[in-house]
Structure formats: structure tokens, C-alpha cells
Amino acid sequence: MSTAASDATAVITGIGACLPEHVVDNDTVIARGALRTDDAWIRTRTGIARRHHAEQGTSTGDLAVGAGRAALVSAGDHRPDMLLLATSTPDHPCPATAPAVAHRLGLGTIPAFDLAAVCSGFLYALVTATALVRAGTCSTPLVIGADTYTTIVDPRDRETAPIFGDGAAAVLLRPGGRDAPGAVLATDLGADGSGDDLITVPGGGSRHPRGLPPPGPDSHYFRMQGRTVYAHAVRRMTQSSRTVLGRTGWPPDTVGAFIGHQANQRILDAVAERLGIAPARRFGTIHHTGNTAAASIPLVMADRTVHAAVRPGERALLTAFGGGLTWASVALNWPDAVPRSQAPPADPDTTPLCTDDLSRSHPWTTTTPTSTPAS
Ligand code: UT7
């Protein structure tokens, strides 16, 4: 679609999700880690009843391939010319996971890179991809948020083990006008590295390399100072959301869909209350996905019940907060793409690169399709 440069932006044209099949309830998490807590505490203090755990051997890249594939099915005929993968649980410390994901999706030699902004990662990647579209650097970026926090969370830590789950979700962008459903209209990004110790995996990086004495016991596990993070999250997501609303000129009561990072229902409610967004306009999946880090916001965008409740073109406000510290907000028109979902590939070495639907709509994929998209 031809669009005047001043009107041009990126438009979401496909949405996909990939959740591991294994669903774990609170009592199972509690029993596994011998946690001193109970189902009622977790539900009332976080809003989480269950989450998906990746099977052993299923990586972030596997989930990203599933989500990317589902987004391409959702988008129909658009071929990605760049891939951005937001994750803080990459398949390896080196290299980035995105090139392998692009390869497994059959996307040839398109540019592909990881972006690490922890739970704000998807919105950071969405903003980056939008800027690249507007600059003409690419036209159809595939933006994936994927994480497997169960690979870094300490199952004995009652402050994190009940909160995190695994998952991936993706959107495909294309250039389009600002009136189009799915158009990204305003953005805000921020970071404050003075809080980099509040959400961290202390060991295993260049500060404390593997092979040298670790900085403390179990330093390869993820740690979060929950209460302090909670306060930062409410403050930053509220401020950032207000910035974006200011840039669009939208009164808060005209927002049709408010989607915040699915960290804690009480945080989400606190932000929405401060903004003045009614409960009926707040959407999430935290009850059954927990906190999936970079996948959290796009998983809500891929949720069919959310799509049933929000009309294409309605005003949507996305906001996230995560380690770094980082935060981000995006205002967009709600997309008209029909979300698709896909099970994780069973085996990274032998799994076909495309689904039936994808091979029909994307002739560049070359392997024999045998799997079908999950509904
Ligand atoms: O994804 C990146 C962003 N992440 C977030 O935004 C997460 C932010 N933090 C949180 O969601 C919450 O802080 C937690 C869910 C981690 C903790 O909930 P909280 O309501 O903030 O609890 P708290 O830290 O204020 O602790 C209250 C009490 C403490 O006991 P004392 O000191 O009052 O005796 C905790 O030790 O609750 C205790 N506690 C628990 N008790 C039972 C903490 N976790 C648990 C638990 N079960 N799982």
C-alpha cells in the first residue's frame, strides 16, 4: 500500500503464539520446590493460577519458531525481510538465537538479531522494528518475543518460581497508514541502569565468567527483589503510559484495550487505576500463563478471547516493565489480523520448517509440511 512518508508507519498484519503443551498448576509448582506458600496466596497476590512449562529439551528458539510460523500463517502473503527476537533466555550465550530461528523458518539470509530488554523486550523490539520500517531499512519485519524462564528460575525460590512460565508470540509488520487497524501510532522507551541488580542472573556472564569462583551460591539462577521491583513497575508503566497517551492525545477513557506486562495482576490494576482505565478495558492472560517475560504482551495480543472483545481499529495501549531496569509503551490501533497458534516443534533437527498453511502461502519454504497449526 502506498503511503505518504509523513503518514507512514508500521502496521501489524499477522499475530502468532506458541505455548508449550505442559500446563502446571500452583500446587505442582509448590510441591516441586517444596515452597512455603499455598495456592490461595499465589492467586490473590499475583493473579496466577497456572502456567505453561517447556519440556526439557525445548528451547526459547523452538518456541520462537512456533510463534513466528503462526504469525506468518496469520499474515498470509507477506514475506519477512528482517527478524527481531526479544529474549533474555537465548538458546546459547553466543551466537544470537534469531539467525537460527530465521533459518528454521525458511527465511533465507534476511538480517536477524536478538534484542535483550528482559520483560520490556517485545515492546523495545516493536518500537525498533517500527522505526526501521519508517526509515525504509526494512518493510516487513517479524518481531518475536520468546522466553523460557523455567530454565533460569530456581524452583526452590517462592518469590519467582510461582510467577514465571514459558511461551512465545510474534507479530509481522508491514508499512501502512496511520488510520489502518494495527498501525503503531506512538511509542515511549526508557531505562535506568542504577537498578540493574534488582532483576538479575548474577553469574555466567563476562562479569563473573563460568569457570571462575561464582559471586555467590546458585548464582546461575534468576533473582528478583520483588517488592522493590513492584514499586518501580507501577511507577514506570504509569509514567510511560501517560507519555504515550499525551503523544496521541487520547483521553484514558477512550482506550479500548489496555495490555500491560503480565507480571502481577495487582501491578496491572494499580497502573490501570492510576491511568483511569476501566476494568472492562483491561486485558490479560496472567491467570493461565503467568509471567512469560518478553512473550507476555504479544501472548495477550494473540489471545482469541481478547480479539473477540476488542474491535479492529479500537485504541490500544501496551505497556511493559522489566529488568535493566527498562520500560516501554506503545499506542496502536487494534489489529484486524486473525491470530494463529502453533505447538512447539517436536525436534529442532528434524521438524519441518513450515505448516500446511504456511507452505501454501509462503512458497519460499522448501521442506515437506507435516505439522498442523494448533487452534
Ligand atoms: O517481570 C519483571 C517485572 N516483575 C515484576 O513486576 C514482579 C514484581 N513483584 C511482584 O510481583 C511481587 O513483589 C511478588 C509476587 C514477588 C511478591 O508479592 P508481594 O505482595 O510484593 O509480597 P512482598 O514481597 O511484599 O512480601 C510480603 C510477604 C513477605 O513476608 P513478611 O516479610 O511480610 O513476613 C514475603 O516473605 O509475603 C512473603 N512472600 C510470600 N509468602 C507466601 C513472598 N512471596 C511469598 C509466597 N508465598 N510465594
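The talk below takes up some of the terms used for this predicted model.

Visitor: Why is Ala135 called exposed?

Guide: A residue counts as exposed if 12 or fewer other C-beta atoms lie within 10 Å of its own, and Ala135 has 8 such neighbours, so Ala135 is exposed. Ala135 belongs to helix α5, which covers residues 121–135, and its C-alpha atom is 9.4 Å from that of Thr9, although 126 residues separate Ala135 and Thr9 in sequence.

Visitor: What makes α6 and α7 partners in a contact?

Guide: Two residues are in contact if their C-beta atoms lie within 7 Å, and this brings together residues of both helices, among them Tyr230, Met237 and Arg242 in α6 and Ile267, Val271 and Leu275 in α7. The residues of this contact comprise eight nonpolar, two polar and two charged ones. The axes of α6 (residues 226–248) and α7 (residues 265–275) are 9 Å apart and form an angle of about 35 degrees, and the crossing is right-handed.

Visitor: Which residues are closest to the ligand, and how many surround it?

Guide: The ligand is surrounded by 21 residues, of which Thr37, Gly226, Arg227, Ala263 and Asn264 are the closest. Sorted by class, this shell holds 11 nonpolar, six polar and four charged residues.

Visitor: What does α6 give to the shell around the ligand?

Guide: Helix α6 supplies five residues, the most of any contributor, while α2 (39–46) and β12 (315–322), like α6, each provide at least two.

Terms used:
Residues are numbered from 1 along each chain as its sequence is written. This is a predicted model: local features need pLDDT of at least 70, side-chain atom pairs count only at pLDDT 80 or more; totals for chains, interfaces and linings use all residues. Axes are lines fitted to C-alpha atoms, for helices over the stretch in contact, and angles run from 0 to 180 degrees between N-to-C directions. Helices (H or I, at least four residues) and strands (E, at least two) are DSSP runs, numbered from the N terminus. A crossing is left-handed if the near helix is turned anticlockwise from the far one by less than a right angle, and right-handed if clockwise. Ala, Val, Leu, Ile, Met, Phe, Trp, Tyr, Cys and Pro count as nonpolar, Asp, Glu, Lys and Arg as charged, and the others, Gly among them, as polar. A residue is near a molecule or strand if its C-beta atom, placed from the backbone, lies within 6 Å of it. A residue is buried if 20 or more other C-beta atoms lie within 10 Å of its own, exposed if 12 or fewer, and partly exposed in between; C-beta atoms are placed from the backbone.
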